[in-house]
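Visitor: Hi, could you walk me through this one? I'd like to go topic by topic.
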Amino acid sequence: MISPDLRDLYQEVILDHSKNPRNFRILEQANHTAEGFNPLCGDRLKLYLFIEGDQIKDITFQGSGCAISKASASMMTASVKGKNKKDARAIFEEFHSMLSGKNHSFDSPKLGKLSVFSGVSEFPVRVKCATLAWHTLKAGMETDGKVVSTEEENQDAG
Ligand code: ZN
């Protein structure tokens with residue numbers, strides 16, 4: 001279980017990243033971009049990726065939203081920068097299973113600092129805020145200029 005002290009520490013990390021987001025700028029040499037939108041909360045972000053071969057050389061974002069969505073985007077960019085796409089996807093999968101509450105032992109070396117979001121799994125509405133940046137990353141790695149929404153089930157007419 002997560003102790004109350006650890007919970008406070010997690011809160012602090014999330015607040016710090018939401019107030020001073022890392023990689024929060026437009027990336028001039030981006031060769032992939034993607035936009036994410038979470039209508040339930042009003043979170044919006046745009047990701048800029050510079051991908052060479054299979055490696056995410058650089059990644060930045062811009063956007064507005066709640067503290068969780070911003071902190072998550074900030075920490076996501078910091079954790080996948082320099083990684084290859086396969087590793088980035090693997091981190092996303094761990095992150096996702098942590099948030100969907102399937103995995104309660106978060107001693108994952110893959111997640112590292114990202115485990116500060118483990119408490120979010122208790123608030124299903126907030127899970128979408130925390131995963132928005134990751135869904136957008138996935139879209140951005142695969143295509144260019146895609147817009148993803150957390151509520152897009154009915155939009156896929158094609
Ligand atoms: Zn949000």
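Guide: Happy to. Let's begin with a term: contact means heavy atoms within 4.5 Å. This is a predicted model, where local features need pLDDT of at least 70, side-chain atom pairs count only at pLDDT 80 or more, and totals for chains, interfaces and linings use all residues. Residues are numbered from 1 along each chain as its sequence is written, and side-chain values use heavy atoms, with hydrogens and water left out.

Visitor: What do the buried residues of H1 pack against?
Guide: They pack against helix H2 (67-80). Helices (H or I, at least four residues) and strands (E, at least two) are DSSP runs, numbered from the N terminus.

Visitor: And which residues in H1 are buried?
Guide: Tyr-10, Ile-14, His-17 and Ser-18. They sit on the same side of H1, because they cover an arc of only 100° around the axis, taken from the directions from the helix axis to the C-beta atoms. Buried means under 20% relative accessible area, exposed over 50%, and partly exposed in between (1.4 Å probe, protein chains only).

Visitor: Which exposed residues are on the face turned away?
Guide: That face of H1 carries Pro-4, Asp-5, Glu-12 and Lys-19.

Visitor: OK, and how many salt bridges?
Guide: The search of the whole structure finds six; each is a side-chain nitrogen of Lys or Arg within 4 Å of a carboxyl oxygen of Asp or Glu. One of them joins Arg-25 and Asp-58 (3.7 Å, N to O). Arg-25 lies in the loop between H1 and strand E1 (32-38) and Asp-58 in strand E3 (residues 55-64), so the pair links parts 33 residues apart in sequence.

Visitor: Is Asp-58 buried or exposed?
Guide: Buried, at 13% relative accessibility. Asp-58 also meets Lys-81 in a salt bridge (3.3 Å, N to O), and Lys-81 is partly exposed at 34% relative accessible area.
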